[in-house]
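My entries follow the order in which I looked things up.

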Amino acid sequence: MTTFDQPSKIKNLFICCLCPPRVLRLWTCRRPRTKRNLLVGTACVIYLGFLVSQVGHVLPQHKGGHQKISSRSLQDAAQTPFLGIPLDGTLSPPNFQEPQHGSNGTLLPPNVVYITLRSKRSKPANIRGTVKPKRRKKHTNPLSYGQHFPKAAFIGQEEAFAQQPGRATHAAGAMGAAIALEARKHQLDEHRHKGMATRERGHRRPGGISGAIKAQPQPEESNIRIYSESSPSWLSKEDILNMRMLADSRIENIQEVPSHKAVLVVFAKGPSTTGTACKQGHCGIIKRPLDMSEVFAFHLDRILGLNRSLPSVSRRSEFFQDGQACPVILWDSSLSPTDNSTHSSVRLTWGRYQQLLKQKCWQNGKVPKAEWGCTEIHHYEWSKMALFDFLLQIYNRLDRNCCGFKPLKEDSCMQQGLKLKCNDQDAVDLTHIVQRRHDRRHLAFIDNKGFFDRNEDNLDFKILQGINEFPESAVSVLRSQHLREKLLQSLFLDKIYWESQGGRKGIEKLIDVIERRSKILLTYINAHGAKVLPMNE
């Protein structure tokens, strides 16, 4: 026997897979060698012919391989839509109901492409209308005093004010028009050209730093928003007018106030000088963004019925702190002049203040005796001030040296080293005790910077020392449990302040602090047997 007569198992298995069952039966049965070889050869020829016919249909379509690709085929490929892949990252199944056919009508094998889409977005998509759009930064005229103003006015260094001589600037008509025309062609160079023009035309003038502000965008709507028919009952019409003026009026002039670490701004209210404008109530004090609690203090003062603080609002301007929200307090020309050390119109020490509380000066219309040493301030004013300062934890007036609590490193008493001077507290001066010239009986609360970060176990109870009567109007609001509702309604009027504090969520956190302190104050009143009296004399 030859080698061909002894096939291996692998050869039989290969033939069984390729040949049909009829051929297999002929293969397995006993046949002569010539007939068996003829059948195998016939089957191979038929199968080879089938493969050649299939390859013949495919090769003409790919003739030339990757060497030549016509521009027409590229255009067709670019215009072919990319179907079957939705935007949500899922793949639709291929359409098997519609097979693809070639140009000659023959069936083409489907081109299957597997695409894996991996999402690169880890956060949810921003839905239109839920994200606040970014505001375009507007280019404005720089102040005449350049870089000196923000460092001195808002960092709080009084020495910088004393070292800077007075400078002023005025906007020019012809040069301003030329700059405006140039800005239309080159908007990117507008800020630089205006700065050069104002510096070239600046000249010196005695009386502190001042600058005329000419080009300011007018707000589309007032920043004091009142959507109801009337304003809240605790705000008077004069309060609303002053708030709108401070928030919306155009700034006409700027002057530094070194003693207050702030800036005096003059609002445009007709042709008038700085002195006459401030006497008419058209001026305001712009303080640092860190003093934003003065706006909260103003609304709290009105809600409690005290009416001792000055109107305050929040305002943004390109001239101050790069557009950050800053408190603006009304400049009241009727306030009595104060000294530079205590910023008070009446100089008192802690020891003398406690003596005045015992004498109850001017209470019930009684004229005090000369030996009592009373001032012109009514006795009820101290009760109102103590309640107001305790809720906001304003320690600068009655506890300048921070002797009644544990201060932080950021507190002024720690920075000035006054905490170590608590041995002789009777000799410590009170600060910010201010009266009005035409009304010496009542106080005006100024510099009402409160502190909301002080824990309940570290409150300054020294503020309440010697106070045995409290105003009924304020205590009734604290007991009515409507303080939160009124504060939300009142603070909502100030659009800039509302947004700067994080909206309602941020305002609620501040109100939580005041509510907890009010409960502590009510407990203190009941525990000490203090009287609650009507004090609207």
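How many aromatic pairs does the count come to? I noted first that the model is predicted. By the pairing rule, the count comes to 10 aromatic pairs.

Entry on Phe461 and Tyr524. I looked up this pair and found the ring centres 6.0 Å apart and the planes at 35°. Planes count as stacked under 30 degrees and as edge-to-face over 60, so I wrote the pair down as tilted. I then checked where the two residues lie. Phe461 is in the loop between strand 8 (443-444) and strand 9 (469-471), while Tyr524 belongs to helix 18 (residues 503-528), so the pair ties together parts that are 63 residues apart in sequence. For accessibility I read a relative area of 34% for Phe461, which is partly exposed. Tyr524 has 15% and counts as buried.

Entry on Phe492 and Trp498. Here the ring centres are 5.3 Å apart and the planes stand at 85°, so I listed the pair as edge-to-face. Is Trp498 buried or exposed? I found Trp498 buried, at a relative accessible area of 12%. Phe492 is partly exposed, at 28%. I also noted that ring pairs join Phe492 and Trp498 with Tyr227 in a cluster.

Entry on charges over rings. I looked up Arg441 and found its charged end over the ring of Trp362, 3.7 Å from the ring's centre. Which ring does Arg454 lie over? I recorded Arg454 over the face of Phe405, with 4.1 Å to the ring centre.

Key. Residues numbered from 1 in each chain as written. Predicted model: local features only at pLDDT ≥ 70, side-chain atom pairs only at ≥ 80, totals over all residues. Heavy atoms only, no water. Phe/Tyr/Trp six-rings, centres within 6.5 Å; stacked < 30°, edge-to-face > 60°. Helix = DSSP H or I, 4+ residues; strand = E, 2+ residues; numbered from the N terminus. Buried < 20%, exposed > 50% of the residue type's maximum accessible area, 1.4 Å probe, protein only. Lys NZ or Arg CZ within 6 Å of the ring centre and 35° of its normal.
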